Amino acid sequence: MKVIANKFSIGLSILIIFLYSNCFEFIFKNVILVPDLIFNMAVPILPKRKRTRGYMPKEEKIRVSNSIPDWFKQVVCGIMLSDGSIRMNGKQALLSIQQTHQELTQEIWKMCFQLNLVLSGIHIINRQNKKIVYSFQTLSLPFFTSLYNDWYKSIDNKNIKVLPLNLDFLFTPLAIAFLIMGDGSWDKSGSRIIIHLNNFTLIEVNRIQSILLSKFDISSYLVKTPHSDKDRGYVLKIPARDVGKVRALVSDHIYPTLKYKIGL
């Protein structure tokens with residue numbers, strides 16, 4: 001019976017990927033956007049196995065990349081400021097998402113699906129004595145290659161994440177919301193919002209702090225986390241007096257199960 005059950009599980013997973021892939025093929029051939037109904041669809045969550053991102057013709061990759069709206073670029077900005085990553089995969093780059101929060105991963109996946117950026121579902125990574133990780137990768141596209149060049153710099157033969165030159169433009173309420181959902185936390189004792197920016201240098205974190213103040217009139221202060229890298233490891237704390245401003249900016253973009261990160 002176990003053998004039959006396992007075969008059924010594997011077959012079901014393959015069927016899900018097949019159906020989603022064929023859905024994309026229909027979309028590509030008819031040059032239409034995925035309808036809003038997609039946001040009510042169940043997201044395929046699969047056991048950890050070899051990834052299958054599917055295939056998209058080169059011409060279609062160019063068309064898809066050129067049609068990505070500005071709002072998604074802002075979403076990616078927030079994701080990259082937290083713990084998202086972009087990496088090269090052959091000649092083009094892809095976006096990689098690994099989150100312990102299921103709803104956030106699912107909603108990002110749905111956006112990517114709507115924009116024809118994914119052909120596979122979400123994978124579960126079980127780690128011993130640690131939280132479950134929900135993970136997926138997009139297709140390799142010129143769009144992400146362009147972002148890779150903006151967000152990474154070769155330093156000592158290592159590709160290090162840096163802030164893009166156009167951060168002032170990308171750093172919108174939508175981007176801030178995804179930053180907080182990804183790497184924010186609520187300090188109940190001090191009624192403060194804490195944003196963990198451990199991957200960035202002091203100069204870079206000061207730049208984020210400056211944009212928050214000049215663009216949104218939100219004050220903050222920095223704290224160096226103990227035992228962190230000497231050049232990185234900073235958290236940005238927004239005091240109680242400015243929490244209301246943050247809520248007014250981002251609450252409409254924060255998913256219900258993550259409202260606690262802004263004290264709601």
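Reader: Two strands pair if DSSP finds at least two bridges between them; which residue in E11 is the bridge partner of Leu222?
Author: The partner of Leu222 is Leu236 in E11. The model is predicted: local features need pLDDT of at least 70 and side-chain atom pairs count only at pLDDT 80 or more, while totals for chains, interfaces and linings use all residues. Residues are numbered from 1 along each chain as its sequence is written, and side-chain values use heavy atoms, without hydrogens and water.

Reader: How many bridges join E10 to E11?
Author: Four bridges join E10 to strand E11, residues 234-238, and the two run antiparallel. Strands (E, at least two residues) and helices (H or I, at least four) are DSSP runs, numbered from the N terminus.

Reader: In what order do the strands of that open sheet lie?
Author: The order of its four strands is E8-E9-E11-E10, with antiparallel pairing. Strand E8 (184-187) and strand E10 (221-224) are the edge strands, each pairing on one side only. On average, neighbouring strands in this sheet are turned by 30 degrees against each other, direction ignored; the axes are lines fitted to C-alpha atoms, and angles run from 0 to 180 degrees between N-to-C directions.

Reader: A change of topic: how many disulfides are there?
Author: The count is zero, where a disulfide is a pair of cysteine sulfur atoms within 2.5 Å.

Reader: And is Cys112 buried or exposed?
Author: Cys112 is buried, because its relative accessible area is 0%. Cys77 also counts as buried, at 1% relative accessibility. Buried means under 20% relative accessible area, exposed over 50%, and partly exposed in between, with a 1.4 Å probe and protein chains only.

Reader: How many residues of H7 are buried?
Author: Helix H7 is mostly covered, with 10 of its 11 residues buried. Among them are Leu174, Phe178, Met181 and Gly182.

Reader: What about cavities of 30 Å³ or more: how many does the structure hold?
Author: The structure holds one. A cavity is a set of points on a 1 Å grid over the protein atoms alone where a 1.4 Å probe fits but cannot get out, and lining residues have an atom within 4 Å of a point. The largest cavity has about 50 Å³ of space, a volume being the space filled by probe spheres set on the points.

Reader: Which elements supply at least two residues of its lining?
Author: Strand E3 (92-99), helix H4 (102-114) and helix H7 (173-183) each do. The largest share, three residues, comes from E3. The lining of the largest cavity includes Ile97, Leu104, Ile108, Phe178 and Gly182.

Definitions and conventions. Two strands pair if DSSP finds at least two bridges between them. On a 1 Å grid over the protein atoms alone, a cavity is a set of points where a 1.4 Å probe fits but cannot get out, and a pocket is an open set with protein on both sides within 12 Å along at least five of seven lines; lining residues have an atom within 4 Å of a point.
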